[in-house]
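This briefing is intended for a reader meeting the structure for the first time. Please look over the sequence and the model before reading the points that follow.

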Amino acid sequence: LQRALEAERRSGAAAVELAEAYEDDLGDPRRARAFLRSFLDGGPRNGTKARDPRGASQRRCAAKALARLERDAFGNLDQAARWYARALREDSAAAKPDCGVAIAAAECAVERGHDALARDLLGRAAKAHPKCASPWIALAKLDVARGDRDAAERCFAVALKAEPTHGAASLALGKCRHEVWRDAEGAKEAYRGGLSTLHRGRETSRAYAQWAPALWHAWAQVELAQDAHGRAATLLNRGLKEIDWARRKRRRLPTHGKDEAFLRHSLGSLELRRKRPKEALDAFRSGYARLEPTTRPTRRDRSASLLLLGAAKASAACETARHDADERDAPPGPSPLVKKAAERLAGSFKRTFWRRNTTAPLKTAPECFDLATRADPSHAEAWTDWAAYELKRGDPEAAAALLDAAAAAPIVAASVDLAKARADAALRDGDDGADDEPDAKRAKARRRER
C-alpha cells in the first residue's frame, strides 16, 4: 500500500486502505489518524479544488474515513463532525453532496443530540438524489426514534417509490414493524412486498441477487420469533430454490454464491435450534461450498468465518450426540491447533486467509474452529465459542489460552461476552483436588480474583 501511494500520491482509496491496515493489523488507530490527517493536509488549496473533481473525490474518501475513525475508535464526536463537514465541502463544487457521507454525518449529528441538523443533512441529500432511497430510510429512522409511526411510514413509502428495487427500504420497514411496533403481520407484508417487487426482474436484475436472500432471511426470523420453526424452514428452502433458479437463468451476470451461502447459514442455524445437528452440518457445509475460491489472501472473510463457525458448532453437537448414545465413544483428545491459533493471532502479518478449495470436506470441530478464526481473526464469537468447546471437553488451559490471546489482540473488539468467557475459564482452570485442603482453597481464591 505504501508503494501504491508512492506511485499515486493523491490516491484516497490507497490512503484509506493503508489507514485501515494501521488500525486493524498493527492495532494502532493513532497512527492511522495521524496518517490520514497528513494526507488531507497535503492536498491542494481551495483555489484548485473546483478544477480537480477527481482530487475532491479522493479527499472526500479520506475525510470520511478519518471521521469514522474519530467517531468509532476514539469516541470524539465533535472532531468527527468537523471531518464529515470537510468531506461534504469537497462536493460543494458539484452542489450535490455524496449520499453516504451525508447519512454518516447525520448519524453523527444524532449521536451529538443535533436532530435538526441531521434532518437538514438528510433533506439536502434526498433533494440532490431524488431516485435514491437511502436518505428517506434514514429520515424514517429518525421518526421511529421519536415515536412517530405515521411519519416514518410515509418516509418508507417515499423511499420505496424512489427506488423500488432497493431492498434495504423493505428490510428497514419490516424490522421497525416487527421490533419496534410489535406488528409481526405488518413485517411479513413488508418483506413479501419487497420480494414481489424484486421477483418481477429476477432474471435480469442484479437487485434480486443482492437483496432477496436478506429478505427471505428476515421473513424467516419473524416466523422463528413466533416459534413457527416449520414455516421458517419452508421460507428458507423456498428462497434457496428461487435463487438457484434465478442464478441458472442469469448466466450473463456474475454469480452470487455468497448470497446463497448466507441463506444456507440461516438454515443451518435454524436446524441447530431444532436440535438437528446433522442437518445443520450439511447446511453449513453446502453454504461454504457455494463460496467461490478467492484469488488472493484476505485479512477478513466474515462470510466464510460465519459458515465455518456454524459447522464447528454442528460438529461439536454431533460429537456430543454420539457420546450420549454410546458412552464408550471417547471424546477427542487435546488439539494441537489451540496453541498455533493463539500464536497466529499474536502475529501482525501472518493473519491471512485464502479460500482455496471450498469444496474440501470440513472435518472435526477443532479444525472448523481453527478455519473460522483464520478466515476472520476479528470474529470474537469464534474465539469465545471455541473456548467454550474446549471447556466442555475438560481443557480449561486451552480455553484460557484462546481467550487471553483474543483479549490481547487489538483486532478483536472488547466485549461483555469475551470478558465473561475469560472469567468462566479462570474459574474452571485447575479446578481439581479437594476443596477443604489449604492449597486448594488458596488456588480457588486466586481463580475467583482472576
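Is R182 buried or exposed? R182 is exposed, because its relative accessible area is 68%, above the cut-off of 50% for that class. The model discussed here is a predicted one. The protein has 23 helices and zero strands.

**Overall composition**

- Of the 450 residues in the protein, 47% are buried.
- The protein exposes about 23800 Å², and carbon and sulfur atoms supply 50% of that area.
- Among contacts with a separation of 6 or more, 61% are between residues 24 or more positions apart.
- The count of disulfides is zero.

**Nonpolar cores**

- In soluble globular proteins, nonpolar side chains tend to be buried together.
- The largest nonpolar core in this model contains 55 residues, and F35 and Y84 are the residues with the most contacts inside it.
- Helix α7, residues 99-111, contributes the largest share of this core, namely nine residues.
- When residues up to four places away in sequence are not counted, F35 touches L5, A15, L18, A19 and Y22.

**Packing of helices α11 and α12**

- Two packed helices are described by the angle between their axes and the distance between the axes.
- The axes of α11 and α12 come within 7 Å of each other and cross at roughly 170°.
- An angle over 145 degrees counts as roughly antiparallel, and α11 and α12 are therefore roughly antiparallel to each other.
- On the α11 side, the contact is made by S170, L171, L173, G174, K175, R177 and H178.
- On the α12 side, the residues taking part are A184, G186, A187, E189, A190, Y191 and G194.

**Packing of helices α11 and α13**

- Helix α11 spans residues 167-180 and helix α13 spans residues 206-225; their axes come within 9 Å and cross at roughly 10°.
- An angle under 35 degrees counts as roughly parallel, so α11 and α13 are roughly parallel to each other.
- From α11, the residues G167, A168, S170, L171 and H178 meet residues of α13.
- Their partners in α13 are W211, A214, L215, A218, V222 and A225.

**Individual residues within helices**

- S170 belongs to helix α11 and is buried, with a relative accessible area of 5%.
- Leaving aside neighbours within four places in sequence, S170 is in contact with L160, A190, Y191, G194 and L215.
- A212 is placed in helix α13 and counts as buried, because its relative accessibility is 0%.
- With neighbours within four places in sequence left aside, the contacts of A212 are with L195, L198 and A207.
- A212 and H199 are 13 residues apart in sequence, and their C-alpha atoms are 8.6 Å apart in space.
- D78 lies in helix α6, which covers residues 77-89.
- The relative accessibility of D78 is 44%, so D78 counts as partly exposed.
- D78 and C108 are 30 residues apart along the chain, with 8.7 Å between their C-alpha atoms.

**Loop residues with positive phi**

- R182, the residue in the opening question, lies in the loop between α11 and α12.
- Although R182 is not a glycine, its phi is positive, at about 55°.
- K275 is found in the loop between α15, residues 257-273, and α16, residues 277-290.
- K275 is not a glycine either, and has a positive phi of about 60°.
- K275 is exposed, because its relative accessible area is 72%.

Terms used
Residues are numbered from 1 along each chain as its sequence is written. This is a predicted model: local features need pLDDT of at least 70, side-chain atom pairs count only at pLDDT 80 or more; totals for chains, interfaces and linings use all residues. Side-chain values use heavy atoms; hydrogens and water are left out. Helices (H or I, at least four residues) and strands (E, at least two) are DSSP runs, numbered from the N terminus. Buried means under 20% relative accessible area, exposed over 50%, partly exposed in between (1.4 Å probe, protein chains only). Contact means heavy atoms within 4.5 Å. Accessible areas come from the Shrake-Rupley method with a 1.4 Å probe; for residues, only the protein chains shown count as cover. A disulfide is a pair of cysteine sulfur atoms within 2.5 Å. A nonpolar core is a set of buried Ala, Val, Leu, Ile, Met, Phe, Trp, Tyr and Cys residues joined through side-chain atoms within 4.5 Å. Axes are lines fitted to C-alpha atoms, for helices over the stretch in contact, and angles run from 0 to 180 degrees between N-to-C directions. Angles under 35 degrees count as roughly parallel, over 145 as roughly antiparallel, 65 to 115 as roughly perpendicular and the rest as oblique.
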